[in-house]
Amino acid sequence: MRDNDFIIRRGLAIFVKYNPLRFIQTAAMPDMPQINTMTEQEIVCNILDGDISAKRHLYCQFAPYLTGVCSRYIAGTEDVRDVIHDSFLKIFSTIRSFEFRGPGSLKAWMTKIVVNESLKFIKSTCRFALVELTDNDEDIPDETPDIDGIPLSELHRMIRELPVGYRTILNLFVFEELSHKEIAKTLNITESTSASQFHRAKKMLAEKIKQYNLTNLSIAYER
């Protein structure tokens with residue numbers, strides 16, 4: 001456990017000067033140690049054989065992506081670091097329970113752990129402002145905003161700026177592909193509450209995207 005904690009804390013020290021918004025990008029970060037990519041199966045086998053370097057390899061290879069996942073749910077940079085730290089401790093301590101089911105299965109397994117740890121943090125520290133879907137809400141047509149040309153980092157920022165309840169349910173529905181029934185069970189709320197938060201989250205996100213496009217259009221005209 002001490003080795004696991006040291007590996008994670010050392011990795012976090014490298015990431016500390018980076019904004020989590022950048023972790024959504026796939027490019028390697030400056031000053032990030034470059035590593036030769038191993039297959040997921042190789043990483044797991046080496047870890048189970050007691051290879052400490054394989055744990056460091058797993059951390060360096062997947063931490064940026066998993067931090068991006070976590071930062072979609074949690075807005076505070078320090079809180080994201082704490083949740084990622086706890087997530088990797090759980091990953092290393094339960095790695096023997098992982099079942100390889102083909103390429104991408106390790107990443108999916110770790111993502112689920114990070115999402116669950118993020119939800120646990122939200123439930124323990126945040127209070128949802130949840131409301132039921134009203135008739136007026138149902139009458140409002142869904143907007144389909146133009147997202148062409150909007151950087152992923154900007155979309156990521158907009159999601160992080162949503163109220164915690166909206167943000168959580170939008171993430172679970174869109175990115176984790178849970179149904180409202182599954183979300184309701186996960187968060188201990190009703191299906192209609194889940195649907196209402198998602199509806200309002202979409203509306204708020206559409207407004208943010210619309211405002212972003214108008215602002216950039218105005219800047220383009222001024223030039």
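The backbone nitrogen of lysine 107 lies 3.1 Å from a polar atom of the glutamate 40 side chain, a polar contact being a pair of N or O atoms within 3.5 Å in which, within protein, one atom must be able to donate a hydrogen and the other to accept it, while residues adjacent in sequence count only if both atoms are side-chain atoms. The model is a predicted one, in which local features need pLDDT of at least 70 and side-chain atom pairs count only at pLDDT 80 or more, whereas totals for chains, interfaces and linings use all residues. Residues are numbered from 1 along each chain as its sequence is written, and side-chain values use heavy atoms, with hydrogens and water left out.

Glutamate 40 belongs to helix α2 (residues 40–48); helices (H or I, at least four residues) are DSSP runs numbered from the N terminus. Glutamate 40 is buried but has no salt bridge, and lysine 107, the nearest side chain of opposite charge, is 7.1 Å away. Here buried means under 20% relative accessible area, exposed over 50% and partly exposed in between (1.4 Å probe, protein chains only). A salt bridge is a side-chain nitrogen of Lys or Arg within 4 Å of a carboxyl oxygen of Asp or Glu; for charge, Lys and Arg count as positive and Asp and Glu as negative, with His and the chain ends not counted. Apart from neighbours within four places in sequence, the residues in contact with glutamate 40 include Phe62, Phe100 and Lys107, contact meaning heavy atoms within 4.5 Å.

Eight salt bridges are found in the whole structure. One of them joins glutamate 176 to arginine 72, with the closest N and O atoms 3.8 Å apart. Because glutamate 176 lies in the loop between α8 (164–175) and α9 (180–187) and arginine 72 in helix α3 (residues 52–73), the pair ties together parts that are 104 residues apart in sequence. Arginine 72 is buried at 9% relative accessible area, whereas glutamate 176 is partly exposed at 21%.

Helix α3 is mostly covered, with 16 of its 22 residues buried. A bend of about 50° occurs in α3 at alanine 63, and proline 64 follows within four residues; the bend is the angle between axes fitted to the seven residues ending at a residue and the seven starting there. The end C-alpha atoms of α3 are 30 Å apart, in agreement with the 32 Å that its 22 residues should span at 1.5 Å a residue, the expected span being 1.5 Å times one less than the number of residues.

A further salt bridge, at 2.6 Å from N to O, links the side chains of glutamate 154 and arginine 157. These two residues are three apart in helix α7 (residues 152–160), so about one helical turn separates them. Arginine 157 also forms a salt bridge with glutamate 161, the closest N and O atoms being 2.8 Å apart. Through shared partners, salt bridges join Glu154, Arg157, Glu161 and Lys208 into one network. Glutamate 154 is partly exposed at 21% relative accessibility, as is arginine 157 at 26%.

Most residues other than glycine have a negative phi. Glutamate 177, by contrast, has a positive phi near 60°; this residue lies in the loop between α8 and α9 and is exposed, with a relative accessible area of 66%. Asparagine 188 likewise has a positive phi of about 60°. Asparagine 188 is located in the loop between α9 and α10 (191–222) and is exposed at 72% relative accessibility.
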